[in-house]
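This briefing concerns the structure shown below.

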Amino acid sequence: MGEHYFAERPGTASRRRTVDLVLPDLHLRLDTDSGVFSPDRVDPGTRVLLETVPPPPQHGDLLDLGCGYGPIALTLAKRSPQAMVWGVDVNQRALELAEGNATAAGLDNVRFILADDLDPRLRFAAIWSNPPIRIGKAALHDLLLTWLPRLTPTGHAHLVVQKHLGSDSLQRWLDARGHPTERIASRSAYRVLRVAPRTEAGAGTSTEGHTR
């Protein structure tokens, strides 16, 4: 996997295949390819997230941050057919796969787009993400501090992070940055964190990081 899945145009040779996402409420067959995140199976962390989060808002704009080939965004679109779902990524190959997967699933309430091209005025009733931990602590912090402030006042983000990749210290860091954060699920060494919009009380400038 290495650098490829967070490269804009992966250099690794294409090798297309399909994976199945089977949840109690849906079944999606997804095209994947080399050079994208978790091409051989739906990532276990993604599965933990999708099996444990509460139902998403039924209206408004919803965001899958770091969408890859689309399992989270497509689940959001299935579960909230009246909402508009946005999947953002830097990986062009992943976005093309996600668009094809949405078409194959018959979902017209989801769009996939480069993060830099998304309308900066949009605010999100929910953000779901299996964030790209391996881009490094500083880059991850910048990513979260770019997107979490775009939650609506009543919105929440749900993030899944492996314990050994720093979920607990990430939770503390988010709290210190003024985003009240709680763990809502723990399974197979993964933690699902629920992140609230920023509050003034308790918002600090802590630089505490989490372990990569």
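In this predicted model, helix α4 (residues 137–147) lies across β3 (61–65), β4 (84–89), β6 and β7. The direction of α4 is at about 175° to that of β3. A further helix, α1 (residues 44–52), also packs on the sheet, as set out below.

**Sheet architecture**
- The open sheet consists of 7 strands with mixed pairing, ordered β5-β4-β3-β6-β7-β9-β8.
- The edge positions are taken by β5 (110–114) and β8 (181–187); each has a single partner strand, so one side of each is left without a neighbour in the sheet.
- From one strand to the next, the twist averages 20°.

**The β8–β9 pair and helix α1**
- Strand β9 (residues 190–195) pairs with β8 in the antiparallel sense, over 6 bridges.
- Within this pairing, Val 192 of β9 is the bridge partner of Ala 185.
- Helix α1 touches β6 (124–129), β7 (151–162), β8 and β9.
- The direction of α1 makes about 50° with that of β9.

**Chain overview**
- The chain contains 5 helices and 9 strands.
- Starting at the N terminus, the order of elements is β-β-α-β-α-β-α-β-β-α-β-α-β-β.
- The chain has 212 residues, of which 53% count as buried.
- Among contacts with a separation of 6 or more, 69% are between residues 24 or more positions apart.

Technical notes
Residues are numbered from 1 along each chain as its sequence is written. This is a predicted model: local features need pLDDT of at least 70, side-chain atom pairs count only at pLDDT 80 or more; totals for chains, interfaces and linings use all residues. Side-chain values use heavy atoms; hydrogens and water are left out. Helices (H or I, at least four residues) and strands (E, at least two) are DSSP runs, numbered from the N terminus. Buried means under 20% relative accessible area, exposed over 50%, partly exposed in between (1.4 Å probe, protein chains only). Contact means heavy atoms within 4.5 Å. Two strands pair if DSSP finds at least two bridges between them. Axes are lines fitted to C-alpha atoms, for helices over the stretch in contact, and angles run from 0 to 180 degrees between N-to-C directions.
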